[in-house]
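Let's take a walk through this one, looking at what links one stretch of chain to another. Keep the viewer open as you read.

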Amino acid sequence: MRKTLLACCLAPLAVALALPVQLLAAAPANITVQKPWIRYLLPNIPAGGYLTLVNTGDIPATLIGATSPACGTLMLHESVNMGGTAMMMAVTGVPVPAHGQAELVEGGYHLMCMQPKMQPGDEVAVTLDFAGGATLPLRVPVYGPAGAP
(Lines give C-alpha, C1' and ligand atoms only; values in the text may rest on other atoms or scores of the structure.)
Protein backbone atom coordinates (compact mmCIF):
# COMPACT_ATOMS: atom_id res chain seq x y z
CA MET A 1 0.00 0.00 0.00
CA ARG A 2 2.80 2.42 0.93
CA LYS A 3 4.66 1.68 -2.33
CA THR A 4 1.51 2.40 -4.35
CA LEU A 5 0.85 5.61 -2.44
CA LEU A 6 4.49 6.70 -2.77
CA ALA A 7 4.53 5.96 -6.52
CA CYS A 8 1.25 7.81 -6.94
CA CYS A 9 2.59 10.90 -5.20
CA LEU A 10 6.07 10.91 -6.78
CA ALA A 11 4.94 10.49 -10.40
CA PRO A 12 3.48 14.04 -10.68
CA LEU A 13 6.58 15.43 -8.96
CA ALA A 14 8.85 13.70 -11.49
CA VAL A 15 6.81 15.17 -14.35
CA ALA A 16 6.95 18.64 -12.81
CA LEU A 17 10.74 18.43 -12.34
CA ALA A 18 11.23 17.31 -15.96
CA LEU A 19 9.36 20.32 -17.42
CA PRO A 20 12.09 22.94 -16.89
CA VAL A 21 14.63 20.73 -18.68
CA GLN A 22 12.28 20.47 -21.66
CA LEU A 23 11.76 24.24 -21.67
CA LEU A 24 15.51 24.89 -21.71
CA ALA A 25 15.77 23.12 -25.08
CA ALA A 26 12.98 25.27 -26.52
CA ALA A 27 14.84 27.05 -29.32
CA PRO A 28 18.23 26.54 -30.96
CA ALA A 29 20.56 29.48 -30.44
CA ASN A 30 21.24 31.56 -33.54
CA ILE A 31 18.88 29.66 -35.88
CA THR A 32 16.10 31.53 -37.66
CA VAL A 33 13.66 30.44 -40.35
CA GLN A 34 12.91 32.34 -43.52
CA LYS A 35 10.06 31.84 -46.01
CA PRO A 36 8.45 28.65 -44.65
CA TRP A 37 5.58 27.18 -46.68
CA ILE A 38 3.85 23.90 -47.49
CA ARG A 39 2.54 22.78 -50.89
CA TYR A 40 -0.73 20.86 -50.47
CA LEU A 41 -2.07 18.79 -53.37
CA LEU A 42 -4.68 16.25 -52.18
CA PRO A 43 -5.38 14.39 -48.91
CA ASN A 44 -3.92 11.12 -50.26
CA ILE A 45 -0.79 12.74 -51.76
CA PRO A 46 2.13 13.83 -49.54
CA ALA A 47 2.59 17.58 -49.06
CA GLY A 48 6.04 19.17 -49.34
CA GLY A 49 7.46 21.63 -46.83
CA TYR A 50 10.05 24.23 -47.74
CA LEU A 51 12.04 26.87 -45.82
CA THR A 52 15.47 28.36 -45.29
CA LEU A 53 17.36 27.84 -42.02
CA VAL A 54 19.82 30.63 -41.22
CA ASN A 55 22.58 30.09 -38.64
CA THR A 56 24.20 33.32 -37.44
CA GLY A 57 26.24 31.52 -34.78
CA ASP A 58 29.75 30.08 -34.59
CA ILE A 59 28.54 26.50 -34.11
CA PRO A 60 27.02 24.35 -36.87
CA ALA A 61 23.57 22.86 -36.26
CA THR A 62 21.75 19.85 -37.68
CA LEU A 63 18.03 19.61 -38.34
CA ILE A 64 17.15 16.01 -37.44
CA GLY A 65 13.37 15.95 -37.74
CA ALA A 66 10.05 17.72 -37.58
CA THR A 67 6.53 17.13 -36.31
CA SER A 68 3.14 18.62 -37.04
CA PRO A 69 -0.40 17.79 -35.96
CA ALA A 70 -1.34 18.58 -39.59
CA CYS A 71 0.62 15.54 -40.83
CA GLY A 72 0.23 11.85 -40.09
CA THR A 73 4.04 11.72 -40.31
CA LEU A 74 6.49 14.52 -41.13
CA MET A 75 9.89 13.39 -42.43
CA LEU A 76 13.10 14.86 -43.79
CA HIS A 77 13.69 13.92 -47.43
CA GLU A 78 16.12 14.76 -50.19
CA SER A 79 15.43 14.64 -53.91
CA VAL A 80 18.34 12.98 -55.72
CA ASN A 81 19.09 11.91 -59.26
CA MET A 82 20.40 8.35 -59.50
CA GLY A 83 21.38 7.25 -62.97
CA GLY A 84 18.89 9.59 -64.61
CA THR A 85 16.05 8.63 -62.26
CA ALA A 86 14.72 11.24 -59.84
CA MET A 87 14.09 9.77 -56.37
CA MET A 88 13.18 11.02 -52.92
CA MET A 89 15.12 9.51 -50.05
CA ALA A 90 14.64 9.86 -46.31
CA VAL A 91 17.60 11.54 -44.58
CA THR A 92 18.61 11.57 -40.93
CA GLY A 93 19.71 15.20 -40.87
CA VAL A 94 20.19 18.46 -42.72
CA PRO A 95 23.40 20.32 -41.79
CA VAL A 96 23.18 24.05 -41.11
CA PRO A 97 26.74 25.43 -41.23
CA ALA A 98 27.98 28.10 -38.82
CA HIS A 99 27.43 31.55 -40.36
CA GLY A 100 25.56 29.86 -43.18
CA GLN A 101 22.24 28.48 -44.22
CA ALA A 102 20.45 25.33 -45.34
CA GLU A 103 17.65 25.48 -47.86
CA LEU A 104 14.76 23.04 -47.90
CA VAL A 105 13.59 23.52 -51.49
CA GLU A 106 11.88 21.73 -54.33
CA GLY A 107 14.40 19.33 -55.88
CA GLY A 108 16.61 19.23 -52.75
CA TYR A 109 16.14 18.74 -49.03
CA HIS A 110 12.51 19.16 -48.00
CA LEU A 111 9.90 18.11 -45.45
CA MET A 112 7.53 15.33 -46.56
CA CYS A 113 4.10 15.43 -44.89
CA MET A 114 2.34 12.07 -45.15
CA GLN A 115 -1.46 12.00 -44.65
CA PRO A 116 -1.78 15.82 -44.75
CA LYS A 117 -4.67 17.27 -42.72
CA MET A 118 -4.74 20.79 -44.16
CA GLN A 119 -6.10 22.95 -46.97
CA PRO A 120 -4.63 25.81 -49.00
CA GLY A 121 -5.05 28.99 -46.98
CA ASP A 122 -4.40 27.25 -43.65
CA GLU A 123 -1.50 28.06 -41.36
CA VAL A 124 -0.27 24.93 -39.59
CA ALA A 125 1.96 24.32 -36.59
CA VAL A 126 5.32 22.68 -37.32
CA THR A 127 8.08 21.98 -34.80
CA LEU A 128 11.62 21.57 -36.09
CA ASP A 129 13.89 19.26 -34.07
CA PHE A 130 17.65 19.82 -33.90
CA ALA A 131 20.54 17.64 -32.73
CA GLY A 132 21.16 18.30 -29.05
CA GLY A 133 17.46 18.47 -28.19
CA ALA A 134 16.61 22.02 -29.29
CA THR A 135 13.27 22.61 -30.98
CA LEU A 136 11.86 25.49 -32.98
CA PRO A 137 8.07 25.93 -33.25
CA LEU A 138 6.70 27.60 -36.39
CA ARG A 139 3.43 28.62 -38.00
CA VAL A 140 3.63 27.68 -41.68
CA PRO A 141 1.30 28.88 -44.46
CA VAL A 142 -0.22 26.26 -46.78
CA TYR A 143 -0.45 26.93 -50.52
CA GLY A 144 -1.92 24.88 -53.35
CA PRO A 145 -0.26 23.19 -56.36
CA ALA A 146 1.06 26.50 -57.78
CA GLY A 147 3.17 27.01 -54.65
CA ALA A 148 4.02 30.16 -52.76
CA PRO A 149 3.02 33.46 -54.38
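**Links along the chain**

Two salt bridges turn up in this predicted model. Side chains of opposite charge can pair when their charged atoms come close. Start with Arg-39 and Glu-106, whose side chains meet in a salt bridge at 2.7 Å, N to O. Arg-39 sits in strand β1 (residues 31-39), while Glu-106 belongs to the loop between β7 (100-104) and β8 (109-114), so this pair ties together parts that lie 67 residues apart in sequence.

How accessible are the two partners? Arg-39 is buried, because its relative accessible area is 14% and the cut-off for buried is under 20%. Glu-106, on the other hand, is partly exposed, with a relative accessible area of 48%.

Glu-123 comes out as partly exposed, at 46% relative accessibility. Arg-139 also counts as partly exposed, at 49%.

Next, the covalent link. A disulfide is a covalent bond between the sulfur atoms of two cysteines. How many disulfides does the model have? The count comes to one. Cys-71 and Cys-113 form it, with their sulfur atoms 2.1 Å apart. Look down the S-S bond of Cys-71 and Cys-113 and you'll find a torsion of about -115 degrees, which means the disulfide is left-handed. As for what it joins, Cys-71 lies in the loop between β3 (61-67) and β4 (73-82), whereas Cys-113 is part of strand β8, and the two are 42 residues apart. Are these cysteines buried or exposed? Both Cys-71 and Cys-113 are buried.

To find Leu-42, go to the loop between β1 and β2 (47-55). Leu-42 counts as partly exposed, because its relative accessibility is 43%, and a residue needs over 30% to be part of a patch.

Methods:
Residues are numbered from 1 along each chain as its sequence is written. This is a predicted model: local features need pLDDT of at least 70, side-chain atom pairs count only at pLDDT 80 or more; totals for chains, interfaces and linings use all residues. Side-chain values use heavy atoms; hydrogens and water are left out. A salt bridge is a side-chain nitrogen of Lys or Arg within 4 Å of a carboxyl oxygen of Asp or Glu. Helices (H or I, at least four residues) and strands (E, at least two) are DSSP runs, numbered from the N terminus. Buried means under 20% relative accessible area, exposed over 50%, partly exposed in between (1.4 Å probe, protein chains only). A disulfide is a pair of cysteine sulfur atoms within 2.5 Å.
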